Amino acid sequence: MAKSVSQDAIPTILANPSPDSSSDLPEIIVQVLDLKLTGNRYTFTASDGKMKLRAIFPSNMSSEIITGSVQNMGLVKILDYTLNDIPNKSEKYLIVTKCEVVSSALETEIKAEIKTEEPDPVLKKPKLEHEVKNEAKTDSNGIILKPKQEMVSRSAAQIVHEQRENMAPVARMAMTRRVHPLVSLNPYQGNWTIKVRLTSKGNMRTYKNARGEGCVFNVELTDEDGTQIQATMFNEAARKFYEKFQLGKVYYISRGTLKVANKQFKTVKNDYEMTLNENSVVEEAFDEETFIPEAKFNFVPIDQLGPYVNGRELVDIIGVVQSVTAVSNIKRKIDNENIPKRDMIVADETKKTVVVSLWNELANNVGQELFDLADKSPVVAIKSLKVSDFQGVSLSTLGKSKVLINPDIPEAKKLRSWYDLEGKGSSMANIGMGLSPSSRTGARSMYTDRVSLSHITGNPSLGDEKPAFFSIKAFVSLIRPEQAMWYCACKTCNKKVIETPGSGYWCEGCQKNDEECNLRYIMVSKISDTRGEAWVSAFNEEAEKIIGCSAEELDKLKSEQGDIDGYQQKLKEATWVPHLFRVSVTQKEYNNEKRQRITVRAVAPINFAEESKFLIEDIKKMMNSH
């Protein structure tokens, strides 16, 4: 292919802001100028030698830019695009949705002299192909024009017209609209239509706030490129579309709005989220069997699950199944309904294992298949898992989770090869290793992410964007006896209750009175190690392990017996005892000033055998580094 730009490429784009996929536009090759990273996308200036246009590359081109395939001053061929208006300005913005590399960086910027006697470049009517057969022209400015394809006897418009006449109504409807890929959508866009499959559907929920009551539900949509977006519907829109949206079906959707996604609540990897209102259009696309979004995974190695514990972010994993349990039923506290559950142990190349709990239909369907295949150690890829601190670190499926058995992907083939050659005979360790057997609500292994207190207190920005998790070996050096160490909690939901004279205790969460309440710890203490000290917060289960008794027992010691000396002695006995702590570090704002908040997530006594192994490994690492 000739290394030059297409003549009048920018005017062609400007004259065709949303070209149909069937349109016969001339070849569009532009030069990439001013390439730079803006946010998480790469922007550039598209140039045809005469005119320039601000533009943005699709996110799937980022890897090619990083590796140097796409370069500043290089050439790209634009295959699909959308042209948007820049708000409050008369400028246009080119959003490239599909392109391919033509040339690496040229020595100079291509510039063509504009002859004053010639009119401004405008889009010419596309030629029929018999008019351009074997043409190859070079204009006076040295810009090379290449013929598009061989001669045909009919124009593109004629072919499209004939195709449409032979199509079913829904297929004809698809031909009349410009379908935008999800990657091209942004809040400043005008009219758009997307074709997506419904890959997740939430339950209808009700809410109550200062403006009144309402209902809401969410869906996750996936296009044929595998790009996902979350869509939300409120009130009338929720009631209108809840039954219409069926899991697994394909839809054309238009007249929605977009906004920047709330990082705290988003469930898919997209910078934007969609809102559909009662005027939005949702039409089912029939006969779309070939439109199956590819499952895009972002695998997290098992030994790196720690930072996700009890967080909102979901994870994908791939591993070899070591064992699968029989299905069991767990009674849900809210409504006493029996929920099917099945556990399996999965290992990966990090030689760590983790327990994955399959719930509901996954426990019965895919779970049974895995149970039957367990002796063959199948490879399993799971999308959208919640990470909890149960039994150290464990994973649970949700309604939106997907489980693939022996998937045909490179990661699965690599893992299978490793397991057959090495992993099968290797010793595997559970990621939660290091917690005492009784510590059923501990966090990640106390022997990973081990740091000193000075590492935390010496980095004030830790936990700024999301909670940071660490393991610490330290002593409780001070517990202030004058602090309010517990609170009155609801016996049902553990939230704080208000004592009401004559009627017991009122729980705002449960909206009911109860004659009795539970006392639960909410304690602040100072912990110290060989390099520093820090104040930490500990809640009920963790505080019980530190103090050695329940809040009820400590309250009786302090109030009913009137034994202040005994109460203080109990606190004193809890100090200068070594513990292994799993802590989270977050940022909280006090008086417009950000401060670290360190919370104890798990406490375990020192296991001297495991601690010795950890120290030996640490010494080996130090010796190997010298």
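## Close-up views of a predicted chain

View 1. F469 is found in strand β23, which spans residues 468-479; helices (H or I, at least four residues) and strands (E, at least two) are DSSP runs, numbered from the N terminus. The model shown here is predicted, so that local features need pLDDT of at least 70 and side-chain atom pairs count only at pLDDT 80 or more, whereas totals for chains, interfaces and linings use all residues. Residues are numbered from 1 along each chain as its sequence is written, and side-chain values use heavy atoms, with hydrogens and water left out. With a relative accessibility of 9%, F469 counts as buried, a term that stands for under 20% relative accessible area, with exposed meaning over 50% and partly exposed in between (1.4 Å probe, protein chains only). When residues up to four places away in sequence are not counted, F469 touches G306, P307, V309, D449, R582, V583, S584 and R601, where contact means heavy atoms within 4.5 Å. The C-alpha atoms of F469 and I598 lie 9.6 Å apart in space, although 129 residues separate the two in sequence.

**View 2. K594 in strand β31.** Strand β31, made up of residues 593-604, holds K594. D464 is 130 residues away from K594 in sequence, yet the C-alpha to C-alpha distance between them is 9.0 Å. D464 also belongs to the contacts of K594, together with Q587, K588 and E589, once neighbours within four places in sequence are left aside.

**View 3. K259 in strand β13.** K259 has its place in strand β13, residues 257-260, and counts as partly exposed because its relative accessibility is 44%. Apart from neighbours within four places in sequence, K259 is in contact with P187, D271, Y272 and E273. M274, 15 residues from K259 along the chain, has its C-alpha atom 6.6 Å from that of K259.

View 4. M73, which is not a glycine, has a positive phi of about 80° and is found in the loop between α2 (62-67) and β4 (75-85). S377, also not a glycine, has a positive phi of about 50°, and its place is in the loop between α7 (366-373) and β20 (379-388). S377 is buried, given its relative accessible area of 13%.

View 5. A search of the whole structure finds one cavity of 30 Å³ or more, and the largest cavity contains about 50 Å³ of space. On a 1 Å grid over the protein atoms alone, a cavity is a set of points where a 1.4 Å probe fits but cannot get out, and lining residues have an atom within 4 Å of a point; grid points are joined across faces, edges and corners, and a volume is the space filled by probe spheres set on the points. The lining consists of A489, C490, K491, V497, Y505, W506, C507, K512, D514, E516 and C517. Strands β26 (504-507) and β27 (512-514) each supply at least two residues of this lining, and the largest share, three residues, comes from β26. By residue class, the lining divides into seven nonpolar, no polar and four charged residues, where Ala, Val, Leu, Ile, Met, Phe, Trp, Tyr, Cys and Pro count as nonpolar, Asp, Glu, Lys and Arg as charged, and the others, Gly among them, as polar.

View 6. The structure holds zero disulfides, a disulfide being a pair of cysteine sulfur atoms within 2.5 Å. C517 is accordingly in no disulfide, and the nearest cysteine sulfur, that of C488, is 3.8 Å away. C517 counts as buried at 16% relative accessibility, and C507 is likewise buried, with a relative accessible area of 1%.

**View 7. The whole chain, for orientation.** The chain has 13 helices and 31 strands, and buried residues make up 44% of its 626 residues. Of the contacts with a separation of 6 or more, 63% are between residues 24 or more positions apart. The chain exposes about 34,800 Å², of which carbon and sulfur atoms supply 49%; accessible areas come from the Shrake-Rupley method with a 1.4 Å probe, and for residues only the protein chains shown count as cover.

Technical notes: On a 1 Å grid over the protein atoms alone, a cavity is a set of points where a 1.4 Å probe fits but cannot get out, and a pocket is an open set with protein on both sides within 12 Å along at least five of seven lines; lining residues have an atom within 4 Å of a point.
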